[in-house]
Amino acid sequence: MNIIPTRIPDVKILEPKMFGDERGFFMETFRDEWFRANIAPHTFVQENHSKSAAGVLRGMHYQTEHTQGKLVRVVAGAVFDVAVDGRSGKVERKLGVDVS
């Protein structure tokens, strides 16, 4: 897994390594031991899957207690994923990334 840092320290882009041949490909998308050692010492407890039509805005979250991490994987097409760091009480950093 390739870890790409961003300007928000707790937001990372994870690129899985793909192994392909004439049959197709294989990639590991998540492993708890690796995640805890390389990303955050937290247990990832929930996985969701959604399908959206073009132009849909989905998943705006603002949490100060019981915060959640988010893993985004795009199976087909592309999404523009946005993270905003407001932990200080004001927007200090924001980040937008095309994910495909």
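**View A. The side chain of Thr-6 and the backbone oxygens of Ile-8 and Val-11.** In this predicted model, the side chain of Thr-6 comes to 2.9 Å from the backbone oxygen of Ile-8. A polar atom of that side chain also lies 2.7 Å from the backbone oxygen of Val-11. Thr-6 is buried, at 17% relative accessible area (buried is under 20%, exposed over 50%, partly exposed in between; 1.4 Å probe, protein chains only). Thr-6 sits in the loop between strand S1 (2–5) and strand S2 (12–15); strands (E, at least two residues) and helices (H or I, at least four) are DSSP runs, numbered from the N terminus.

**View B. Arg-36 and Asp-32 in helix H1.** Their side chains meet in a salt bridge at 3.9 Å, N to O (a side-chain nitrogen of Lys or Arg within 4 Å of a carboxyl oxygen of Asp or Glu). The two residues are about one helical turn apart, because they are 4 residues apart in helix H1. Arg-36 is partly exposed at 36%, and Asp-32 is partly exposed at 32%.

**View C. The salt bridge between Arg-93 and Asp-85.** The closest N and O atoms are 2.8 Å apart. Arg-93 is partly exposed, at 28% relative accessibility, whereas Asp-85 is buried, at 7%. The structure holds 6 salt bridges.

**Notes.** Residues are numbered from 1 along each chain as its sequence is written, and side-chain values use heavy atoms, without hydrogens and water. Local features need pLDDT of at least 70 and side-chain atom pairs count only at pLDDT 80 or more, while totals for chains, interfaces and linings use all residues.

Note on methods:
Polar contact = N/O pair within 3.5 Å; in protein donor to acceptor, adjacent residues only side chain to side chain.
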